[in-house]
Amino acid sequence: MAYRNKVYVAFDGDNDMRYYDLMRAWSVKDEFDFNDAHDLHSARDSSTEESIKKSLMDRFNNSKLFILLIGEHTKYLTKFVKWEIEVAIRLKLPIIAVNLNGSRSKDQLMPPVLKDELHLTVAYGEKIMKKAMNNWPDFESNCRVQGKSGEYTYSDTIYSSL
């Protein structure tokens, strides 16, 4: 089994790439620890769906955390994004759902496959995402042991303190 030290990020590559690119830019700074699973292998668009999913599974097998960037079209992406969410759930990876529209909890853009699953929802932003990445995995593990599920969020006080 591979050493899991990566963060797997799923997103709408056609519409939300700039948010992913900004996360990568944040990671250049020491304050945002983002060991990107997508640095492992390149999945080319000209590849077959099967070979792309095989490459993505290699990335999953090296991941300790799953981040879903939720934009306007994310919930409609069933070929890869829905599959990625399902894999993260099956592998019991801690899931952080990040709303690109600024919402701090699930809304009408949340992919249905994730709504009742154990996850943390945050608004897109460097400081809150850093806090989530640093704290959610341990909290999620405790929730899982206790048999809890569903959405967790941070209070307005947490956002204000950042």
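A charge sits over a ring if NZ of Lys or CZ of Arg is within 6 Å of the ring centre and within 35 degrees of the ring normal. Lys131 meets this rule, lying over the face of Tyr154 at 5.8 Å from the ring centre. Arg104 does likewise with Tyr159, at 3.8 Å from the ring centre.

A word on the model itself: it is predicted, so local features need pLDDT of at least 70 and side-chain atom pairs count only at pLDDT 80 or more, while totals for chains, interfaces and linings use all residues. Residues are numbered from 1 along each chain as its sequence is written, and side-chain values use heavy atoms, with hydrogens and water left out.

Now to the rings that meet each other. Rings of Phe, Tyr and Trp (its six-membered ring) pair if their centres lie within 6.5 Å; planes under 30 degrees apart count as stacked, over 60 as edge-to-face and the rest as tilted. Searching the whole structure gives ten aromatic pairs. In one of them, Trp136 and Tyr152 have ring centres 5.7 Å apart and planes at 45°, so the pair is tilted. Trp136 belongs to helix H4 (residues 126-145) and Tyr152 to strand E5 (residues 151-153), 16 residues apart. Helices (H or I, at least four residues) and strands (E, at least two) are DSSP runs, numbered from the N terminus.

Tyr152 also pairs with Phe139: their centres are 5.5 Å apart and their planes at 75°, so this pair is edge-to-face. Because Phe139 lies in helix H4 and Tyr152 in strand E5, the pair ties together parts 13 residues apart in sequence.

Elsewhere, Tyr8, Phe60, Phe66 and Trp83 form one aromatic cluster.
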